[in-house]
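Trainee: Before I use this model, I would like to go through the labels attached to it and ask what stands behind each of them.
Mentor: Then let us look at it together and take the labels in turn.

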Amino acid sequence: MEQTQALLKQKDSLESEIRDLELELRSHGVSKTDALVDEDGFPRSDIDITTVRQIRRSLIYKQNDLKELMKQVESSLVSLHQDTRMAGDSGDAEAEVPVLKRPFARISIVAPNSPASEAGLVAGDKIISYGSVDESNHDDLRQLISETTENIQKPVAVVVDRVVDGQPQAKTLVLIPRRDWGGDGLLGCYILPL
C-alpha cells in the first residue's frame, strides 16, 4: 500500500513537472511539434532555439519517465488488489494488520543535491525496506546494492524509521538512483548495517 501511494505521489509530481515544461515551451511561442526552422530551412530568429530544444529534451525525458512509472503503478495496483482480495477471501482479520519490520541499515551521511537528498533521506534515518529488500533478505547489504544497480533512473520506495519530536515514525520516500547528479555513487549517501 505504501509503495503504491509513493508511486502515485511521484506520478503526480512528474505530471506537474511535464505541465510546467509545456507552459514554459508555450511562453517561448512554440509547441512540442512546431518547426524550429523557417520555410527556407534557416533557424527561426523569433525564438531562442537552444532553450526550446533543451525544454523539449527535458519534456521527452519526463514523458518517458512517466510511461515507465505508469507501468510500475499498474503492477503495484494489481498486486495491491490481489493482496486485498486474498486477505478478504481468507476471512482472517489479522491478514489486514501490517507487519512491522525492523530496520536493517542506517544512513550516516547524505551529500547535498544528491538523489538521497532529493528523496528526503537524512543522516540518522534507519532503513526498514529498500524496494524489495528488508531485514529478512538484505544479505549484509549486498541485496541493497543489487536493488540499486537494477533500478538506475527508476523510482525505489524506501521506508525509513525516523525520530520526529522524540517519536519514531515510519516514512515512505521515493529514491531514484542515478549517475548524473554530480557526485560519487548512485545515491549520494553512506549506508551502514545495523
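Trainee: What makes β2 and strand β4 (residues 156–164) a pair?
Mentor: In this predicted model, β2 and β4 are joined in the antiparallel sense over four bridges, and since two strands pair if at least two bridges are found between them, the term applies. Within this pairing, serine 129 stands opposite valine 159 in β4.

Trainee: What other strands does β2 pair with, and how do you know?
Mentor: Strand β1 (residues 105–110) is joined to β2 by two bridges and runs antiparallel to it, with arginine 106 having lysine 126 of β2 as its bridge partner. Strand β3 (residues 133–134) is likewise joined to β2 by two bridges, again antiparallel, and here tyrosine 130 stands opposite valine 133. The cut-off is at least two bridges, so a count of two is enough in each case.

Trainee: Why is strand β2 called largely enclosed?
Mentor: Four of the five residues of β2, which spans residues 126–130, are buried, and therefore the strand is described as largely enclosed by the rest of the structure. Buried here means under 20% relative accessible area. For the protein chain as a whole, buried residues make up 32% of the 194 residues.

Trainee: What is found in the hairpins of β2 and β3 and of β4 and β5?
Mentor: The hairpin of β2 and β3 has two residues between the strands, and glycine 131 takes a positive phi near 65° there. The hairpin of β4 and β5 also has two residues between the strands, and in it aspartate 165 takes a positive phi near 55°. Nine bridges join β4 to β5 in the antiparallel sense, and valine 156 stands opposite leucine 175 in β5.

Trainee: How do you know which class isoleucine 60 belongs to?
Mentor: Isoleucine 60, which lies in helix α2, has a relative accessible area of 47%, so it is partly exposed; exposed would require over 50%. Isoleucine 60 and lysine 32 are 28 residues apart in sequence, with their C-alpha atoms 9.3 Å apart in space.

Trainee: What makes up the lining of the second largest pocket?
Mentor: The second largest pocket, with a volume of about 870 Å³, is lined by 30 residues, of which Gln10, Leu14, Glu17, Lys62 and Ile176 lie nearest its centre. The lining divides into twelve nonpolar, seven polar and eleven charged residues, and α1 (2–27), α2 (49–90), α3 (115–119) and β5 (167–175) each supply at least two of its residues.

Methods: Residues are numbered from 1 along each chain as its sequence is written. This is a predicted model: local features need pLDDT of at least 70, side-chain atom pairs count only at pLDDT 80 or more; totals for chains, interfaces and linings use all residues. Side-chain values use heavy atoms; hydrogens and water are left out. On a 1 Å grid over the protein atoms alone, a cavity is a set of points where a 1.4 Å probe fits but cannot get out, and a pocket is an open set with protein on both sides within 12 Å along at least five of seven lines; lining residues have an atom within 4 Å of a point. Grid points are joined across faces, edges and corners, and a volume is the space filled by probe spheres set on the points. Ala, Val, Leu, Ile, Met, Phe, Trp, Tyr, Cys and Pro count as nonpolar, Asp, Glu, Lys and Arg as charged, and the others, Gly among them, as polar. Buried means under 20% relative accessible area, exposed over 50%, partly exposed in between (1.4 Å probe, protein chains only).
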